[in-house]
Amino acid sequence: MSADMLYLTLAALAFAIALNLKLTLAVLRSARRAAHPATPLQPGDRLPDVDGSTLAGRARVRLAEPGQARALLFLSSRCPKCRDKVPAIGALAGAAREAGLALWIVSDEPRWRLRSLLRGTALAAHTARIGAHDYRLLNPTGASPAYLFVGHDGAIEAAGLIGDPHWRALERQLAGDAIGERAA
Amino acid sequence: MSTDFGAQILRCFIGFVLLAACLGKLRTFDRFRANLATSFGVPPRLGRLLAPAVVGGELLLAALVLGPFPRAGMTAALLLFTAFSALLAWRLWHDGVVRCSCFGEAERSLSGFDLLRNLLIVAATGLFLTLPAAAGMALPAILLAAGLAAILTVLAIDFHDVMHILKGS
């Protein structure tokens, strides 16, 4: 076999490998979409038992721990709407704590991105980082800005987008509680 | 031979990357133009001029790099990639979110891996310029270099996905 023929054969192999890589990546993307059907959690479902660590202090958090009502918020640093919601959520966190509602921003993003998203607020103490697999269990559609309201028994009571009627009702309720406590 | 062959791979790699960027933006042209406004604050009227200018510029550079003026094309590509990377890094640092559609990506926004990919492309372009001008090569050797560059190009374009697959997420 001549050197030229060897070069041409190797070139054909290299192009075949490039094509194979491209197709393999496309298949993997399709398989990933098929393996994780985007079915969001519904009211009445049990919250999956998911562990995380706080953004501030890296303390361990068990999000499904029964005994306390909680609101899980899904914010993404990649969504401009989420950035707009951060100041209002920061103002809500104190009232939620006083009302006995645990408020957690849940994310699988890197810490530096979360710190950038939450800059200027005290929400780092209300933020739990979890793994990408666990995040898909809680928020399979990747919706943001979104919430899950979880009851004392660990069952989901409401799910939706921040700003919808359920969310506004919570805001009104917490604002009312705060005014009531100040009056008392 | 080995230095010339390496330079040929780098030349084809950068040429293919420029072609892929150009074709990717053309494939999702409306989204690319919208991203200029939403992620970079370019006024819509200017965006209508800038979007085709960027695509045309990349096509011209690809033609220069793969054609008869590789060093001039690579020098211009180095400036272009460096400027793009600096702009993207600044917007990412400043806003935390940038949608680029640099290679026609769907809704995914820019990631740290995309920035790292850009830095590797800048490094490859700079490396080519440090190598002595290549002597003429036989066509079969050029085709082999192009084949190897095609592998690098696929890895570069899908760098974000490849890294996530390697991370196992």
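**Entry 1. Strand β1 of chain A**

I began with β1(A) and strand β5 (residues 127-129) of chain A, which run antiparallel and are joined by 2 bridges. I took strands as DSSP E runs of at least two residues and helices as H or I runs of at least four, numbered from the N terminus; two strands pair if DSSP finds at least two bridges between them. In β5(A), I found A:Arg129 as the bridge partner of A:Ser53.

I noted that the model is predicted, so local features need pLDDT of at least 70 and side-chain atom pairs count only at pLDDT 80 or more, while totals for chains, interfaces and linings use all residues. Residues are numbered from 1 along each chain as its sequence is written, and chains are lettered from A and ligands numbered from 1 in the order in which they are written.

I then looked up the pairing of β1 (residues 51-54) with β2 (residues 60-62) of chain A, which is antiparallel with 3 bridges. A:Asp51 has A:Arg62 in β2(A) as its bridge partner. The hairpin of these two strands has 5 residues between them, and A:Gly57 there takes a positive phi near 90°.

**Entry 2**

I recorded an open sheet of 7 strands in chain A, with mixed pairing and the order β2-β1-β5-β4-β3-β6-β7. The edges are β2 and β7 (156-161) of chain A; each has a single partner strand, so one side of each is left without a neighbour in the sheet. Direction ignored, neighbouring strands are turned by 30° against each other on average.

Further along, I found 5 bridges between β3 (residues 70-74) and β6 (residues 146-150) of chain A, which run antiparallel. A:Phe74 stands opposite A:Ala146 in β6(A).

**Entry 3. Helix α1 of chain B**

I looked up α1 (residues 2-27) and α3 (residues 44-66) of chain B, whose axes come within 8 Å and cross at roughly 155°. Axes are lines fitted to C-alpha atoms, for helices over the stretch in contact, and angles run from 0 to 180 degrees between N-to-C directions. α1(B) and α3(B) are therefore roughly antiparallel to each other (under 35 degrees counts as roughly parallel, over 145 as roughly antiparallel, 65 to 115 as roughly perpendicular and the rest as oblique). The contact residues include B:Leu18 and B:Cys22 of α1(B) and B:Leu59 and B:Ala62 of α3(B) (contact requires C-beta atoms, placed from the backbone, within 7 Å). By class, this contact has 12 nonpolar, 1 polar and 3 charged residues (Ala, Val, Leu, Ile, Met, Phe, Trp, Tyr, Cys and Pro are nonpolar, Asp, Glu, Lys and Arg charged, and the others, Gly among them, polar).

I next checked α1(B) against α6(B), which pack at an angle of about 50° with axes 8 Å apart. These two helices are therefore oblique to each other. B:Phe5, B:Phe13 and B:Phe16 are among the residues of α1(B) that meet α6(B), where B:Ala145 and B:Leu152 are among the partners.

**Entry 4. Between the chains**

I found 19 residues of chain B in contact with 21 residues of chain A. On the side of chain B, α6 (139-157) and α7 (159-167) are the elements that give two or more residues. The largest share, 11 residues, comes from α6(B). I recorded 13 nonpolar, 4 polar and 2 charged residues on that side of chain B.

Methods
Contact = placed C-beta atoms within 7 Å.
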